[in-house]
Amino acid sequence: MKYAIFSDSHDHYYNVTKALELVKEREITKGVHLGDFCAPPVFDILSSEKSINWTCVWGNVDGARAQIILRFREATNLDFSADSFRELELESGKKVFLTHFPLLAQNAAKSGDYQAVFFGDNHQKSVETLPNGTLLANPGELSGTRTGQPTFAVWDSETNELEFVALTDFKVAK
């Protein structure tokens with residue numbers, strides 16, 4: 001199964017919309033967002049496409065958590081973590097670790113308990129397979145505010161391979 005992996009969208013509604021269009025074109029039905037949404041309107045966009053189920057963890061600049069949870073508690077395609085990390089069990093029985101924070105991700109990946117570990121926060125796309133076989137990856141920033149190139153990733157849970165997707169039609173906030 002393929003998963004869309006988003007992080008660090010930072011209220012960049014245009015780029016979130018463009019990325020969501022690419023996810024729909026690929027007929028991906030599962031996604032994760034690794035935090036730093038910033039404000040509720042990002043969830044308006046994510047919840048608008050009911051064919052994609054999102055698992056979400058919080059980042060360090062997601063200050064409107066209570067408002068977001070209350071406003072979107074009825075959205076059937078949004079699943080919020082109570083914290084800034086989460087364990088996700090796949091259909092295969094394997095587990096994935098999701099967090100916004102690199103240090104948590106590195107420690108989880110070193111444990112060998114997970115097929116893949118995904119994180120955000122530093123806005124730098126990266127991927128490596130550790131000696132224990134765990135994939136450790138950051139999809140980069142959807143906002144494009146630090147690197148000037150908005151990206152997200154597509155992860156194949158069957159092959160444990162990751163593809164970075166760069167937006168070609170994007171805007172960078174100044």
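Student: What is the relative accessible area of Asp169?
Tutor: This is a predicted model, in which local features need pLDDT of at least 70 and side-chain atom pairs count only at pLDDT 80 or more, while totals for chains, interfaces and linings use all residues. Residues are numbered from 1 along each chain as its sequence is written, and side-chain values use heavy atoms, with hydrogens and water left out. Buried means under 20% relative accessible area, exposed over 50% and partly exposed in between, taken with a 1.4 Å probe and protein chains only. Asp169 counts as partly exposed, and its relative accessible area is 38%.

Student: Which residue forms a salt bridge with Asp169?
Tutor: A salt bridge here is a side-chain nitrogen of Lys or Arg within 4 Å of a carboxyl oxygen of Asp or Glu, and the whole structure holds 8 of them. For Asp169, the closest N and O atoms of the pair are 3.3 Å apart, and the partner is Lys18.

Student: Is Arg86 buried or exposed?
Tutor: The side chain of Arg86 meets that of Asp79 in a salt bridge of 3.0 Å, N to O. Asp79 is partly exposed at 35% relative accessibility, whereas Arg86, at 18%, counts as buried.

Student: In what order do the strands of the open sheet stand?
Tutor: Two strands pair if DSSP finds at least two bridges between them, and strand 1 (residues 2-6) and strand 2 (residues 30-33), for example, pair in the parallel sense over 4 bridges. Strand 4 (78-80) and strand 11 (161-166) each have a single partner strand, so they stand at the edges, and one side of each is left without a neighbour in the sheet. The sheet has 6 strands with mixed pairing, and their order is 4-3-2-1-10-11.

Student: Which strands does helix 1 touch as it packs on the sheet?
Tutor: Contact means heavy atoms within 4.5 Å, and axes are lines fitted to C-alpha atoms, for helices over the stretch in contact, with angles from 0 to 180 degrees between N-to-C directions. The direction of helix 1 (residues 13-25) makes about 175° with that of strand 1, and the strands touched are strand 1, strand 3 (53-56), strand 10 (151-156) and strand 11.

Student: Which residues of helix 2 are buried?
Tutor: Helix 2 (residues 41-48) lies across strand 1, strand 2, strand 3 and strand 4. The cover over its buried residues includes helix 1 and helix 3 (65-71), and the buried residues are Val42, Phe43, Ile45, Leu46 and Ser47.

Student: At what angle do helix 1 and helix 2 pack?
Tutor: Tyr13, Val16, Thr17 and Leu20 in helix 1 meet Pro41, Val42, Ile45, Leu46 and Ser48 in helix 2. Angles under 35 degrees count as roughly parallel, over 145 as roughly antiparallel, 65 to 115 as roughly perpendicular and the rest as oblique, and these helices are therefore roughly parallel to each other. The two axes are 10 Å apart, and the angle is about 15°.

Key. Helix = DSSP H or I, 4+ residues; strand = E, 2+ residues; numbered from the N terminus.
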